[in-house]
Amino acid sequence: MLDQAYIPFAVAALVLGLVKVIDDYIRDSKYKLPPQVPGVPFFGNALQIPPSQQGPWAKELADKYGEMFTIKLNGQTWVFLNSSRVVYDLMERRAGIYCSRPPFPMPQGIMSGDSRIVLMPYGEKWRGVRKVMHNILGSRQLNLYKDFQELESRHLLYNYLHNPDRWFSANGRYSNSVIMSVVFGRRSDLGDPDVEELFETVEEFLREQQPGMNLVDGFPILDNLPKPLQWWRPKGQRIFEKTRNVYKRELDRLSAKIAAGTARDCFAMEFLKTINSKTDETQTIFTLGTLMEAGSDTTRVSLGQIIAGAATYPDWVVRAREQLDAVCGDAKRLPEFADRKNLPYITAVVKEGFRWRPNIAEIGVPTLLIKDDEYEGYKFKAGTIFTWNAWAISLSPKEYKQPERFWPERFMNDDLNNALKGHWAFGPGRRVCAGWSVGESNVWIAIARLLYCFDFHQVPFTGNKAQFDVDIKVRSEAHAALIERDCSEAVNTKY
Ligand code: HEM
């Protein structure tokens, strides 16, 4: 039971929330926003936004309202940017003022102890963590990843051959093991309960940070309520503890190996040497944990995406195979990174996979405008939230010919080797994904090898996430023999 003494505080917070909405309304009249989607008083459009798969919902609005529209989510104003043109003009060319994050008291404050980089406001703290990310994920480090990607993708093929029904878990193991090897110096196994638990925490985080999910994120003023009155807090605290334990377990494991003298060289070992008594422990744990989180789910989902594209639009697979067979022969050897220049079609397949269904951020990731701005007759107030409407842009016929089709040829152009050009899967501007080059190469080597060795056939579709059924068969006896010959050792390599 709540203490009755708190009731006046609760009423005061709600009144303040209401006053803020009215005040915003009056002050908003000085500004001019893109067409506003009709909503209801107080909650705005928060009751219309679906709890998941928000991409198709936001696309419908884009089809109706054009290049920009405005919605109100509880107390906040969101402007959706629905064309590459406006995303480029605002979030890329004016990146310096479109790069902060709105407050997220639930997923960032409580669930992440204010320590997850992806939701940090622009400023000193974000810059510090971003620098750490850059040191480990920057394109200069790509060679460090190659040996692990090479080994782990062999393991992936072996899993597909022997456990085709567990292909989605195999993608998860592959993605996780690459980043774990670099950061913590250890590999992960198929069905590893630690990996499964990591993915659970990712899902919890993604669910809770969805717009409209938590009232306090729409009315951050509620964060001032006394803690016992914050009905969302116990749940957030539980998720925080679980997530922290999942991350800390890896650090403890590494510390034990360091003490025993059995640790392999890895990024976390170097990072721990830079830590002193002033370092915030939760921040250290979340910086290293974010690498596991961001590095695992994204690659897993992107691979699933291309497999869905192969099963539903098989015509392009034939063309990918022609190029793979010309370079690697008939089950003679696996594709390698060194073949990249002779396999431009695979690079286009990877880009098309990122575009085709932007599942990782269906309606983009919100950024906060930090200074008043004007654009094409509109006047935006500092504090307005902007997002790139990823689903709407990716599936717009004004942006892409036959957008529904998985069609890698659309990327066979002068920008082929610029992984960021032609789609927004890694986000725009200063908050662009810190791990894009690792992510792109993860997907490239895995998909080149999978397409070379396996056939993917559609079985009735169950959704537009990667968790669908697909019938996977090795291409030929010769390809099976190649996998047995070249990949079993990868499965038996332990560290
Ligand atoms: C494989 C495909 C990947 C995709 C499609 C992807 C996508 C994204 C997106 C959409 C964002 C948000 C961008 C924004 O706010 O504008 C992001 C941020 C981020 N990603 Fe990725 N990502 C991928 C792989 C990775 C990998 C492998 C890592 C690290 C191991 C990583 C680390 C990060 C980090 C640290 C951020 C936060 C950046 C910041 O807020 O400053 N990503 N990613």
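Q: In which loop is asparagine 74 found?
A: This is a predicted model, and its strand β1 covers residues 68–73. Strand β2 covers residues 76–81. Asparagine 74 is therefore found in the loop between β1 and β2.

Q: Is asparagine 74 buried or exposed?
A: A residue is called buried if 20 or more other C-beta atoms lie within 10 Å of its own. Asparagine 74 has 22 such atoms, so the label is buried.

Q: Which residues of β1 point the opposite way from Met68, Thr70 and Lys72?
A: In a regular strand, side chains alternate between the two faces of the sheet. In β1, both sets of residues are buried, and with six of six residues buried the strand is largely enclosed by the rest of the structure. The set pointing the other way is Phe69, Ile71 and Leu73.

Q: Where does alanine 331 lie, and what is its phi?
A: Alanine 331 lies in the loop between α13 (315–328) and α14 (344–356). It is buried, because 20 other C-beta atoms lie within 10 Å. As a residue other than glycine with a positive phi, alanine 331 has a value near 55°.

Q: Which feature does UniProt place at Cys433?
A: Cysteine 433 lies in the loop between α15 (390–394) and α16 (436–453). With 21 other C-beta atoms within 10 Å, cysteine 433 is buried, and it touches Phe426, Gly427 and Gly439, leaving aside residues up to four places away in sequence. The UniProt record, an unreviewed entry, names the feature "binding site".

Q: Which helix gives the most to the shell around the ligand?
A: Of the 29 residues around the ligand, those that come nearest are Gly295, Gly427, Cys433, Gly435 and Gly439. By class, the shell has 19 nonpolar, eight polar and two charged residues. Helices α5, α12 and α16 each supply at least two residues. The helix that gives the most, with seven residues, is α12.

Key
Residues are numbered from 1 along each chain as its sequence is written. This is a predicted model: local features need pLDDT of at least 70, side-chain atom pairs count only at pLDDT 80 or more; totals for chains, interfaces and linings use all residues. UniProt positions are given in the numbering used here, feature names are shortened, and annotations may be inferred rather than shown by experiment. Helices (H or I, at least four residues) and strands (E, at least two) are DSSP runs, numbered from the N terminus. A residue is buried if 20 or more other C-beta atoms lie within 10 Å of its own, exposed if 12 or fewer, and partly exposed in between; C-beta atoms are placed from the backbone. Two residues are in contact if their C-beta atoms, placed from the backbone, lie within 7 Å. A residue is near a molecule or strand if its C-beta atom, placed from the backbone, lies within 6 Å of it. Ala, Val, Leu, Ile, Met, Phe, Trp, Tyr, Cys and Pro count as nonpolar, Asp, Glu, Lys and Arg as charged, and the others, Gly among them, as polar. Two strands pair if DSSP finds at least two bridges between them.
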